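Thanks for coming. I will walk through one structure today, starting with a single pair of side chains and ending with how the chains sit against each other.

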There are 4 protein chains.
Amino acid sequence: MKNIYVEEHNTIPVEKQKSEVVERKGIGHPDSVADGLAESVSVALCKEYIKEFGYIMHHNTDECQIVGGQSEPAFGGGVILEPVYILLVGRATSLVGKKRLPIRAIAVRAAHEYLEKNFANLDADTDVTMECKIWQGSEALRSVYDSRKRKANDTSFGVGFAPLSETEKLVLETDNLIHNVIKKNNREIGDDTKVMASRFGDNINLTVAIAMVCKYLKDADHYMSLKEEIKEKILDNAVKITDKNINVYVNTADMPENNVFYLTVTGLSMENGDDGSVGRGNRANGLITPYRPMSLEAVCGKNPVTHVGKLYNLLSQQIADSIVEECSDISECYVYLLSQIGKPIDEPSFADVRVVMDNNSRSSFNSVKKDIEGIVEDKLDNIDSLTELIVNKKLRTF
Amino acid sequence: MKNIYVEEHNTIPVEKQKSEVVERKGIGHPDSVADGLAESVSVALCKEYIKEFGYIMHHNTDECQIVGGQSEPAFGGGVILEPVYILLVGRATSLVGKKRLPIRAIAVRAAHEYLEKNFANLDADTDVTMECKIWQGSEALRSVYDSRKRKANDTSFGVGFAPLSETEKLVLETDNLIHNVIKKNNREIGDDTKVMASRFGDNINLTVAIAMVCKYLKDADHYMSLKEEIKEKILDNAVKITDKNINVYVNTADMPENNVFYLTVTGLSMENGDDGSVGRGNRANGLITPYRPMSLEAVCGKNPVTHVGKLYNLLSQQIADSIVEECSDISECYVYLLSQIGKPIDEPSFADVRVVMDNNSRSSFNSVKKDIEGIVEDKLDNIDSLTELIVNKKLRTF
Amino acid sequence: MKNIYVEEHNTIPVEKQKSEVVERKGIGHPDSVADGLAESVSVALCKEYIKEFGYIMHHNTDECQIVGGQSEPAFGGGVILEPVYILLVGRATSLVGKKRLPIRAIAVRAAHEYLEKNFANLDADTDVTMECKIWQGSEALRSVYDSRKRKANDTSFGVGFAPLSETEKLVLETDNLIHNVIKKNNREIGDDTKVMASRFGDNINLTVAIAMVCKYLKDADHYMSLKEEIKEKILDNAVKITDKNINVYVNTADMPENNVFYLTVTGLSMENGDDGSVGRGNRANGLITPYRPMSLEAVCGKNPVTHVGKLYNLLSQQIADSIVEECSDISECYVYLLSQIGKPIDEPSFADVRVVMDNNSRSSFNSVKKDIEGIVEDKLDNIDSLTELIVNKKLRTF
Amino acid sequence: MKNIYVEEHNTIPVEKQKSEVVERKGIGHPDSVADGLAESVSVALCKEYIKEFGYIMHHNTDECQIVGGQSEPAFGGGVILEPVYILLVGRATSLVGKKRLPIRAIAVRAAHEYLEKNFANLDADTDVTMECKIWQGSEALRSVYDSRKRKANDTSFGVGFAPLSETEKLVLETDNLIHNVIKKNNREIGDDTKVMASRFGDNINLTVAIAMVCKYLKDADHYMSLKEEIKEKILDNAVKITDKNINVYVNTADMPENNVFYLTVTGLSMENGDDGSVGRGNRANGLITPYRPMSLEAVCGKNPVTHVGKLYNLLSQQIADSIVEECSDISECYVYLLSQIGKPIDEPSFADVRVVMDNNSRSSFNSVKKDIEGIVEDKLDNIDSLTELIVNKKLRTF
């Protein structure tokens, strides 16, 4: 019933291919802000449904449009000229019998709190205006969907892989370093970051964009020396992750001679013309990896009960991680899950696992095949456990 | 200067892999509607800039949020309960010296005309309300950007591949069949379609969703027999494309016993709760192919002069097509282009071509390598020609 | 039960007072556009309710915000830079049992048709964007309201007077002249007009503002000679209405020496920065008369069944007209109606009629008092007939 | 140059007329909220202009649309179902040379702070969503307007009167009592109030509507006894103001038998379906007085430098107050001011003062005529002083 297929795949692992491009949009990138808002709204609705009815009802809030504002940053000051506009979009069950749920009020509150909690230099009251167009879903869809039966709401597809390549690790850990170490010690560092690594052979260009908070920077010298400092910290960290040759570039669009720096009032580029929307940034593993198979399903904001577009992307990642962790000699592992609309979510149309063995060893493959099948079966059996992890924000979704 | 690398890649072509999932969202799918609107707005701006100033000025209108309306379809009738809401978003140069360009008026007009022209059963005047938040871009970005110098506006990445697998062809041609043949003869067929093929080994499940126009359908029998007719036509067409076993499914969420059919008033699911946004649907080749490398850059709506996120995706596709057309014994070809911010767009950071030769033949590869390099060089030299094709809507972008 | 009081009022009729100011905003003035849209939406809803349920259900769509666009008019051409934004606001019954009424779709359609029908030079598809926030009313209010019982929905007040003073007639007929005669023969004349008369003693300044349609005007000479022509026609007409001294001023803000003229692309000043909203323009008799008692209730958009704010303003006007028509020696007549919430609408808290007799003649008053009481009683008895007149747009409301 | 005319007017003072209707919408009534927001935005802009440029630049923010939300109040609790939507509208100078002023950011901040400061039970962050469509004004209008020359921006009209009738005083002081005394001691009292007095002969019906804050009310008994208590306090206060017979009615739409009470979560009826907009509520003296001459100009939000629609309404009130205060034997006084577009604001087209003397005494009139002329002249000479009072919020505007 679970249609699990495990096969050996003879190919060159990404690690050994000539080129590779990997990107991560940090938490304050406009697309990530949209993702984070959409997911927060969904989580808030989940909690309300559970509180009121004991189970999560139908909803999908996986659209959110951010329209950039305008600002005039300046060393030691700066001003917001136009508030950012945020439009929350989606569907949610609001009428249960005669009980009316305040879905839009919950959404606005959740979004507002998310902004307040995550973006230290944004005044969520006045630097942002927000509108909410989360409507009641269509009757037909709601009748298909009964969240308690856990049937797939769509024919949808998820994909995951493991392990990360060095370049991928480098991107992820550089982002971690910026937000969890450097930003903590340097209030000048904003929340909007982008880390892009392009590897060609053994050379990696690591390009980092960081929105700086202008009020904490007294002048161009301050800015330039901070940039230098950041660059060194990133490089120090990078050499711990990889032996490849690394060039680090920070804020490459700066033109000090023309007085152009990456300055912001709020630490967020959406303050000044950058728009964002859900599903256009990081995949569920936190990365954009065009050299890897990716699903285009937006994970953030989808309901964590029956939306296979969310569940299968998260589950395939978990399966891939477990396989690599528990089985030996695996160089690379890809997990593809396809749902069947209307069937229980633990019975996919297929669960296709492809492993690239170290040295393409056939015998190694035979020795892990059964284990892999067991892992997949077990994870599918326990797919329900994802829901709780999601509602408690224990799983990365962007 | 062009950093062209051509290499042989020993792997199993998608065609021969065990599983494959391919999808196309038809022109009326909410995400495609968003793509189409964004691109139409950009094209209209391009034409205005050319008319007024002789060249295309900075703009990116690659965001558009569609918030689904509500409807009450019924056999032989049906009514729109809530208009669809469309928010156009982006940046465009509106002030040139003292000359003020009517960018928002142009955008609204272009969007309105696009809806009128493409969706026969939609009343663009009253079934839709539209708002336009396309603002003037930030000064800094505009100063980086000088469209006449053709410098890359960002570090961005494009990818293309050729040829299409049978499954991919099947999806594309099934969509063509529906819109260019079946719809022409059956006014009951709406514009919102989705074609998804999942291949496992030699078996292909071809799942098709078609929004039906209820006013032209007198009852459930009419609907069911039309579905049967469509299914047969699709199957007849499919067997011309592939010898694999094909199962065709049409509107699988129907539940005739509960009176649930895929009915719409306008032929568009956005009338009833389906939201859409740019860049979440088809890639520039018209397909969603999670088994293939894909770029997450939204192509539609970006300016066709310096936005490498648009140009490199379109160009890499053209290069891949030419290579497969002009060189023999190539089983599969992938083209990866990475830009360097601030450098001329015809000087990428790398142009990495990977070819899978028939039978992994090394000698065949050696005999085509030079030709391939020549093709890439030539296409890069002529990247300017893309712009005109885009402005004249001669290139597929979604 | 009808609490009718008729009294003689010894005062100086407006006609004979030293000063007087009277104003009319023409059909295309932004406040009038808002009024017209609000009323059209209400009428469309009325018709739908009657069609579906046989009677008019609760609604009030008496708010509409017009946010001016931007334009760049020019002799012989001109362009819309920013579409006008129109926000329809209000409450309406949308759910009757399980039947869902498309109130917002009806509203958008009615508004769009109103614009198309009334404003020849406006492209309602693209010069305007529209949004509709007409929601379901609150339960409590809807339970108070039962349109079939015709109970007053509020403690509200209406006032009417007759006859018009010469100055008032002059304003009304000047507006008629412009729209029904001059505009018919001069396509250069826009729909947005304002006529203001200020009388001081026997001298009347008649100030007229007319938005001109620039594409039909080839240059400043054309404009200036048209203005002269209009001025003469208005003066010719004015001397038929009054013997007082009249100065006519047309578009007084023009500064030909600085190339400032009252030019528009659409014939509507809302195209270029003029905002408008319901209830800030003409009273139900078509005039703004600060020297007369006026109600501040917005008449347009209110439901014509139980909203006393609408009905009593229209009814008091009808009563005043009838009294002056049917009774002799009346110099001026004021009718004040106050409702009692929850009581039948034909049983006001008071109907207070004040008449100023010619020469303050007591005996004349005594001879008409009974007749007046009869008129008031009769009109109240037949208040239901107002509804049909309103739904058929037979009564002026602004 | 000042065109001052003072005349005796023989008529019956409002005080002695048979009927009278007077109304005041309290600070939390939706129309008053709109007024208060519009005025706060204007004041904030004034302060910014003064700070940046030393003088107040052109702006008018005299439109604001409030779209009611939805709520589900309940004794001891209650919940907001839909946030209120607030649209700020208007024109303001945003570009001065190359300096860009953050007019929309200032507006949103001012509006947000106004809500926070004035409405204790509203969570301005999450019970409200706000949008700002205050655009740059049209070039033509801005060129007419030069705030430093203090020329009238329009042909406009203002009117004021004094003294207040007993009924008018009663309404004003009842509103004061509720907000400044009763509310202070009873947190159950909301900010949204409406006081309406209808006098017929010597009988006054004083109808008061007060939105109650449900979380502070434990049950219907609590509510009913509070209502009784309020009613008594109002009555106790009323008898100090007038000897007429007074009936006080509080929340007359209540139907305890059907469990209908005037409950709100926020103390504001806009939370549940009540819309509001600028200029539809109180006149500048704080009252709606249909038996008195009134201007329909919205005072709130207009610029306090050249907008005669604002200045003349406030000035005529000041003049009337001074006349009654300084001259004896005056029973009633009306002041009418008409501007001339383009002329200095202290040179009206006419300043027409009408006084009703006690006992219609001609000799008394002759003895005060000169004084009155002096007062008018002096007030016109000092019209500039209004601006500062307005910017410091020292003058009532609604």
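Lys51(A) is exposed, because its relative accessible area is 62%. The word exposed here means over 50% relative accessible area, buried means under 20%, and partly exposed is in between, all with a 1.4 Å probe and protein chains only. Lys51(A) and Glu48(A) form a salt bridge, with their closest N and O atoms 3.8 Å apart. A salt bridge is a side-chain nitrogen of Lys or Arg within 4 Å of a carboxyl oxygen of Asp or Glu. Both residues lie in helix 1 of chain A, 3 residues apart, which is about one turn of the helix. Helices (H or I, at least four residues) and strands (E, at least two) are DSSP runs, numbered from the N terminus.

Before going on, a note on what you are looking at. This is a predicted model, in which local features need pLDDT of at least 70 and side-chain atom pairs count only at pLDDT 80 or more, while totals for chains, interfaces and linings use all residues. Residues are numbered from 1 along each chain as its sequence is written, chains are lettered from A and ligands numbered from 1 in the order in which they are written, and side-chain values use heavy atoms, with hydrogens and water left out.

Staying in helix 1 of chain A, which covers residues 30–53, we also find Ser32(A). Is Ser32(A) buried or exposed? Ser32(A) has 0% relative accessibility, so it counts as buried. Beyond residues up to four places away in sequence, Ser32(A) touches Lys25(A), Gly26(A), Ile27(A), Asn282(A) and Phe398(A). Touching, or contact, means heavy atoms within 4.5 Å.

Back to charges. Side chains of opposite charge can pair when their charged atoms come close. How many salt bridges does a search of the whole structure find? Over all chains, there are 132. One of them is between Glu8(B) and Arg362(B), with closest N and O atoms 2.9 Å apart. This pair links distant parts of the chain: Glu8(B) is in strand 1 and Arg362(B) in helix 7 of chain B, 354 residues apart. Glu8(B) counts as buried, at 11% relative accessibility.

Another salt bridge has Lys194(C) and Asp154(D) as its partners, at 3.8 Å from N to O. Lys194(C) lies in strand 11 of chain C and Asp154(D) in the loop between helix 3 and strand 10 of chain D, so the pair joins two chains. Lys194(C) is buried at 18%, whereas Asp154(D) is partly exposed at 23%. Salt bridges that share partners also join Asp62(A), Glu63(A), Glu297(A), Lys302(A) and Arg280(B) into one network.

Now the interface of chain A and chain B. Each chain gives 69 residues to the contact. The buried area is about 5,500 Å², and carbon and sulfur atoms give 57% of it. Buried area is the accessible area (1.4 Å probe) that two parts lose on being put together, summed over both. Glu63(A), Arg280(A) and Leu296(A) supply 14% of what chain A buries here, more than any other three residues. There are 8 salt bridges between chain A and chain B, including Asp275(A) with Arg91(B) at 2.5 Å, N to O.

How do the two copies relate? A rotation of 180° with 0.0 Å of shift along its axis superposes chain A on chain B, with an RMSD of 0.0 Å. The two copies are thus related as by a two-fold rotation axis. The superposition is by least squares on the C-alpha atoms of residues with pLDDT of at least 70 in both. Thr11(A) comes closest to the axis of all residues of chain A, its C-alpha being at 2.3 Å. Since 100% of the interface residues of chain A are also interface residues in chain B, the copies meet through the same surface.

Last, chain A against chain D. Here 26 residues of chain A are in contact with 26 residues of chain D, and the buried area is about 2,100 Å². Leu81(A), Arg100(A) and Thr126(A) supply 25% of the area on the side of chain A, more than any other three residues. The salt bridge count is 8, and Arg109(D) with Asp127(A), at 3.6 Å between the closest N and O atoms, is one of them.
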